[in-house]
Amino acid sequence: MDLESAARELYALLPGEFTAARNAKAKEATQDGDKALAARLRSLPKPTAAAWLLNMMARHRRDEIDGVIELGAAMSQAQQELDPGQMRALGDQRRGLLSAMALSGRLLADELGHPVSPAVATEVEQTLRAAMSDPAAGAALASGLLTESFSSTGLDPVDLDRIVAVPEAVGSPAPAAPPRRRAKTPARDELAERRAARADRAVKQEAEEAERRRRLARAEVEKAEQRKDDAEAKEQKVLDKLDQLQNRRDALAGELSELKQRIEDLLREVASTDRKIEAAEEDLVSAAKTADRTRKTAAAARRGLDEQA
């Protein structure tokens with residue numbers, strides 16, 4: 001196992017599979033006694049969502065990625081040759097291609113079972129635009145080893161150490177073809193310089209605007225994540241409250257069941273007592289009648305005794 005081959009396997013995985021696979025490879029390297037390789041593997045960062053999709057496009061949509069790089073080279077050639085007509089035509093082609101590539105990327109993410117948000121699609125488009133303006137950026141994109149998305153004006157070199165997992169795996173970009181020489185006059189030289197300056201300013205302004213949109217998109221993502229966290233916290237709070245209420249309801253239902261049983265027992269006891277009262281009242285009537293007869297008998301006996309006396 002070497003670093004580049006291991007990295008290419010890791011950066012071809014779904015985001016959720018990356019960390020465990022990376023740690024497993026680092027453990028394997030440690031067991032093989034290659035501590036340096038294990039350390040490099042452990043330091044490989046998990047790609048951002050946009051970088052993951054760009055790597056997948058480099059792997060599954062290679063012809064389209066090559067088309068982006070080739071169009072960038074053609075635009076650079078047209079700019080060097082100061083061909084405004086060609087630059088306008090290629091600019092229109094670039095806008096159409098970027099739009100198509102952004103859509104293709106989102107469809108690919110869906111196919112791979114890992115859909116991405118519009119903000120991620122914006123980062124992907126920004127990186128594709130950068131790959132057109134900088135050969136080093138194009139080489140980084142084609143490597144399939146990106147760790148994050150990036151932007152470039154084409155004026156400053158891309159920091160491969162920051163955006164590529166294994167910078168040494170990225171081949172050196174082919175040098176731009178030298179412009180064809182044209183007969184120039186001093187007036188034409190001055191006009192060409194002004195056109196070149198305007199073109200450079202336009203490219204720089206476009207890159208700055210794209211970077212601004214990217215920052216805004218990231219801010220929106222952060223706000224959305226915060227809103228999601230707040231909503232989940234509120235949801236958990238409501239669930240906890242619901243659990244408490246459910247537990248209280250169950251306790252009350254138990255108490256109500258006990259009370260119903262007690263009422264039924266008391267009703268049976270009342271009915272039994274009523275029957276006993278009725279029996280006692282009947283016994284009282286019978287006893288009263290008996291007592292009345294005995295009183296009368298006793299009175300008659302006394303009268304008879306008095307008459308004998």
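Okay, ground rules. The model is predicted, so local features need pLDDT of at least 70 and side-chain atom pairs count only at pLDDT 80 or more, while totals for chains, interfaces and linings use all residues. Residues are numbered from 1 along each chain as its sequence is written, and side-chain values use heavy atoms, with hydrogens and water left out.

The overall picture: the chain has 10 helices and zero strands, where helices (H or I, at least four residues) and strands (E, at least two) are DSSP runs numbered from the N terminus. Of its 309 residues, 28% are buried, meaning under 20% relative accessible area with a 1.4 Å probe, protein chains only.

Now, the pair I like. H4, residues 49-60, packs on H7, residues 118-133, at about 55°, with the axes 9 Å apart. Axes here are lines fitted to C-alpha atoms over the stretch in contact, and angles run from 0 to 180 degrees between N-to-C directions. That makes the two helices oblique, the class left over once you take out under 35 degrees, over 145, and 65 to 115. On the H4 side, the contact (heavy atoms within 4.5 Å) uses Ala49, Ala50, Leu53, Leu54 and Met57, and H7 brings Val120, Glu123, Val124, Thr127 and Leu128.

So which residues does Leu128 touch beyond its neighbours within four places in sequence? Leu54, Met57, Ile65, Val68, Leu98, Met101 and Leu141. Leu128 is buried, at 0% relative accessible area. And Arg94, 34 residues away in sequence, sits 10.0 Å from Leu128, C-alpha to C-alpha.

How values were computed
Buried means under 20% relative accessible area, exposed over 50%, partly exposed in between (1.4 Å probe, protein chains only).
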